[in-house]
Amino acid sequence: MEILGTEEIKEIDKLLQIRHLFSHKNGIVDEKFLHFYPGTGIGNEFNMPIGDIIVKLEYLKEIANKIDKGNNIKRVTLV
C-alpha cells in the first residue's frame, strides 16, 4: 500500500531542494537547483515570498498527516 503518489514525492523533492540550497550553497542558485526552479538564474540568491513559504509548509504538514494516518492504517491491518 503506497501512502504517497508520484506527484507528491516529486513536490517534496522539489521543496527539499530549497533546503539543500540554503544548507550547502548559502541560497545561491546553481545548475542543479535551476532544474527544479527554472528562471531563477545561476549565481543569484533564491528568494520566495513569505506567503509562498507558508503555503509550502502547510503542504508539508498535510503530507506528514497523510503519512501518519497511512502508517496507522498499516499497523491496524497487520495486527
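Helices here are DSSP runs of H or I with at least four residues, numbered from the N terminus. The model shown in these views is predicted.

**View 1. Helix 1 and the lining of the largest pocket.** Helix 1 contributes five residues to the lining of the largest pocket, the most of any element. The space in this pocket comes to about 220 Å³. Two elements, helix 1 (6-24) and helix 3 (50-78), each give two or more residues to the lining. Leu 15, Leu 16, Ile 18, Arg 19 and Phe 22 are among the lining residues, as are Phe 46, Asn 47 and Met 48. The lining also includes Ile 53, Lys 56, Leu 57 and Leu 60.

View 2. By residue class, the lining of the largest pocket holds nine nonpolar residues, one polar residue and two charged residues.

**View 3. The largest nonpolar core.** Eight residues make up the largest nonpolar core: Leu 15, Ile 18, Leu 21, Val 29, Phe 33, Phe 36, Tyr 37 and Phe 46. At least two of the core residues come from helix 1, and at least two from helix 2 (31-36). Helix 1 gives the most to this core, namely three residues.

**View 4. Surroundings of Leu 21.** Leaving out residues up to four places away in sequence, Leu 21 touches Asn 26, Gly 27, Ile 28, Val 29, Asp 30, Phe 33 and Phe 46.

**View 5. Glu 8, a buried residue of helix 1.** Glu 8 is located in helix 1. Its relative accessible area is 17%, so Glu 8 counts as buried, the cut-off being under 20%. A polar contact of 2.8 Å joins the side chains of Glu 8 and Lys 66. Apart from residues up to four places away in sequence, Glu 8 touches Ile 3, Tyr 59, Ile 63 and Lys 66.

**View 6. Glu 2, an exposed residue before helix 1.** The segment that precedes helix 1 contains Glu 2. Glu 2 is classed as exposed because its relative accessibility is 72%, and the cut-off for exposed is over 50%. Between Glu 2 and Ile 67 the C-alpha to C-alpha distance is 9.6 Å, with the two residues 65 residues apart in sequence.

Notes: Residues numbered from 1 in each chain as written. Predicted model: local features only at pLDDT ≥ 70, side-chain atom pairs only at ≥ 80, totals over all residues. Heavy atoms only, no water. 1 Å grid on protein atoms, 1.4 Å probe; cavity = no way out; pocket = protein on both sides within 12 Å on 5 of 7 lines; lining within 4 Å. Points joined across faces, edges and corners; volume = space filled by probe spheres on them. Nonpolar A, V, L, I, M, F, W, Y, C, P; charged D, E, K, R; others polar. Buried < 20%, exposed > 50% of the residue type's maximum accessible area, 1.4 Å probe, protein only. Polar contact = N/O pair within 3.5 Å; in protein donor to acceptor, adjacent residues only side chain to side chain. Contact = heavy atoms within 4.5 Å. Core = buried A, V, L, I, M, F, W, Y, C linked by side-chain atoms within 4.5 Å.
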